[in-house]
Amino acid sequence: MPSTESSGRIHTSTATVAVLPEADEASVTLDPDDVEIDIYRSSGAGGQHINKTDSAIRLTHKPTGIVVTCQDQRSQLKNKEKAFKVLYSKLYEMEVTAREEAVSKERRSQVGTGDRSERIRTYNYPQNRVTDHRIDLTLYKLEAVLGGDLDEIIDALITDDQAKKLANSEE
C-alpha cells in the first residue's frame with residue numbers, strides 16, 4: 001500500500017521482463033570461392049588510359065547475389081581492394097541486421113502485452129505471500145524469496161515442466 005493511500009486499498013502494478021543472452025559481435029567470413037571477379041575496361045571520363053587498361057572490377061557474391069563494382073582508381077589492384085571492402089561491409093551489415101532481427105523476435109516472444117491476465121507471479125507484501133500462477137504454488141515467505149531463496153519455486157517449476165513433457169511424449 002502506498003503511504004499516500006488513506007483508504008487502505010492495495011495497489012497493483014505489473015512489469016514485464018525479458019532475459020536474453022548478450023549478442024556476440026557479428027563476424028563475417030568471406031570465402032574467395034564464393035566471389036566471382038570480373039575485370040573490364042572502365043567507362044566515362046579519363047582519356048585514353050581507361051580505354052586501354054582493364055582496371056574496373058565487378059565482384060559478385062554468389063550466396064547472396066550482392067554485386068559490387070569499382071572503377072574509381074586507375075589501378076586494378078586498388079579497385080579490387082576497395083570493392084572487397086565494400087562487399088565485406090555489405091555482408092557485415094546483413095549479418096548485424098539478421099542478428100538484431102533474431103534478438104527482437106526472441107524479445108517479442110518473451111514479453112507479452114503486460115496485461116494482468118498474463119501474470120506469472122504475485123508478490124503480496126501484507127500477507128508475506130508469493131504465488132506462482134503457472135503452477136498454482138503459494139509460499140508464505142516473501143522476504144526469503146526476495147532475498148534469493150528460489151529453490152522451492154524452481155524445483156516446482158522443473159517438476160511441472162517434466163510432467164508436461166512426459167504427458168506430451170505419451171500422446
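**In what pattern do the elements of the protein chain follow one another along the sequence?** Read in that direction, the pattern is β-α-β-β-α-β-β-β-α-α, made up of four helices and six strands, where helices (H or I, at least four residues) and strands (E, at least two) are DSSP runs numbered from the N terminus. This is a predicted model, in which local features need pLDDT of at least 70 and side-chain atom pairs count only at pLDDT 80 or more, while totals for chains, interfaces and linings use all residues. Residues are numbered from 1 along each chain as its sequence is written, and side-chain values use heavy atoms, with hydrogens and water left out.

**View 1. The whole chain and its surface.** The accessible surface of the protein chain comes to about 12,800 Å², as computed by the Shrake-Rupley method with a 1.4 Å probe, and for residues only the protein chains shown count as cover. Carbon and sulfur atoms account for 49% of that surface. Of the 171 residues, 18% count as buried, where buried means under 20% relative accessible area, exposed means over 50%, and partly exposed lies in between (1.4 Å probe, protein chains only).

**View 2. The largest nonpolar core.** A nonpolar core is a set of buried Ala, Val, Leu, Ile, Met, Phe, Trp, Tyr and Cys residues joined through side-chain atoms within 4.5 Å, and the largest one here has ten residues, among them Val-28, Ile-57, Ile-66, Ala-83 and Leu-91. Strand E2 (56-61), strand E3 (66-70) and helix H2 (76-110) each supply at least two residues of this core. Leu-91, leaving aside its neighbours within four places in sequence, is in contact with Val-28, Leu-30, His-61, Thr-64 and Ile-66, contact meaning heavy atoms within 4.5 Å. A second, separate core of seven residues includes Ile-135, Leu-137, Leu-139 and Ile-153.

View 3. Asn-124 is found in strand E4 (residues 121-124) and counts as buried because its relative accessibility is 12%. A polar atom of the Asn-124 side chain lies 3.1 Å from the backbone nitrogen of Gln-127. Neighbours within four places in sequence aside, Asn-124 is in contact with Arg-129 and Leu-142. Tyr-123, also found in strand E4, is partly exposed, with a relative accessible area of 36%.

View 4. A search of the whole structure finds eight salt bridges, each being a side-chain nitrogen of Lys or Arg within 4 Å of a carboxyl oxygen of Asp or Glu. In one of them, the side chains of Glu-95 and Arg-99 meet at 3.2 Å, N to O, and these residues are separated by about one helical turn because they stand four residues apart in helix H2. Glu-95, at 29% relative accessibility, and Arg-99, at 30%, both count as partly exposed. Lys-164 and Asp-160 form another salt bridge (3.3 Å, N to O), and both lie in helix H4 (residues 151-170), four residues apart, about one turn of the helix. Lys-164 is partly exposed at 48% relative accessibility, and Asp-160 is partly exposed at 26%.

**View 5. A salt-bridge network around Asp-132.** Salt bridges that share partners join Arg-121, Asp-132 and Arg-134 into one network. Between Arg-134 and Asp-132, the closest N and O atoms are 2.9 Å apart. Asp-132 counts as buried, at 1% relative accessibility, whereas Arg-134 is partly exposed, with a relative accessible area of 42%.

Methods. Polar contact = N/O pair within 3.5 Å; in protein donor to acceptor, adjacent residues only side chain to side chain.
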